[in-house]
Amino acid sequence: MLSLFDTHTHLDQEEFAEDRPKVIRRAREAGVQRILVVGISAESSEAAVALAQQHPGVFAAVGIHPNYAAQARPGDWQRVLKLLEHPRVVALGETGLDRHWDFTPFELQQEYFHRHLELSQQTGLPVVIHSRDCDQDILQALHQAARSGPLRGVMHSFSSSWAVARECLEMGLYIGFAGMVTFKRNDALRAVAAQVPAERLLVETDSPYLAPVPKRGKRNEPAYVVHTAQCLAQVRGMELEHLARLTTDNALRLFARAE
Ligand code: NI
């Protein structure tokens, strides 16, 4: 039996309103024993914690996503902070920077990113980092934070170059791969995935977005993480079972509260 850990999902979102318990059951049947639900706002973080409370094997990350920071109301950050004591909260985020969408002024994104990184260093909880079209800004922010202490976290749904991956690895971060690594044209990304040190590799779906081949175009769900794991196993020349065990061990080390 496989034991996979889907380290990035948005199962709280309305795409799963109709059949969430079935989605979680299908994941378990596919060997996905653990799922991280990642908040994007105060409300979504609370929903993630509620799901983690209801379902064994489900854990929560709490934070305010860069694309939602502009909508945050006064008090929302306090709501996130309040959730930290909950034993099923295993990470902070989703945080990071995004120059692809223009939903939040960039300076405000940077302020929120800094807040999450600082909180991570204060609490020891790892950060889940989103980076889109802004490699240099992300690296700059990470290097700055690294001056105050070690970094703990994951570059989620990684899609940048090996040079960027290497800098993140040097700062102690893990690298998470999602469905994009299975897309036909993404040979360069598969080459990056092949090079990441075994002890820093994570696997995720980013459900409901960007389902892996052969489910591409469908709503993504945690059960499909097996396809991404299969792709990673293939590019690294190892058995799926071995890849599953390796990435799950890594996730349990990073998200240490997720037993
Ligand atoms: Ni996400």
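Which residue forms a salt bridge with D19? The views below come from a predicted model, in which local features need pLDDT of at least 70, side-chain atom pairs count only at pLDDT 80 or more, and totals for chains, interfaces and linings use all residues. Residues are numbered from 1 along each chain as its sequence is written, and side-chain values use heavy atoms, with hydrogens and water left out.

**View 1. The salt bridge of D19 with R219.** The closest N and O atoms of this pair are 3.0 Å apart; a salt bridge is a side-chain nitrogen of Lys or Arg within 4 Å of a carboxyl oxygen of Asp or Glu. D19 lies in the loop between β1 (4–9) and α1 (20–29) and R219 in the loop between β8 (201–203) and α8 (225–236), so the pair ties together parts that are 200 residues apart in sequence. Helices (H or I, at least four residues) and strands (E, at least two) are DSSP runs, numbered from the N terminus.

**View 2. The contact of α4 with α5.** F106, F113, L117 and Q121 in α4 meet D137, I138, A141, L142 and A145 in α5 (contact means heavy atoms within 4.5 Å). Seven of the contact residues are nonpolar, one is polar and one is charged. Here Ala, Val, Leu, Ile, Met, Phe, Trp, Tyr, Cys and Pro count as nonpolar, Asp, Glu, Lys and Arg as charged, and the others, Gly among them, as polar.

**View 3. The lining of the largest pocket.** A pocket is an open set of points on a 1 Å grid over the protein atoms alone, where a 1.4 Å probe fits, with protein on both sides within 12 Å along at least five of seven lines; lining residues have an atom within 4 Å of a point. Of the 24 lining residues, D98, W101, H130, R132 and D206 lie nearest the centre of the pocket. The largest share of the lining, three residues, comes from β5.
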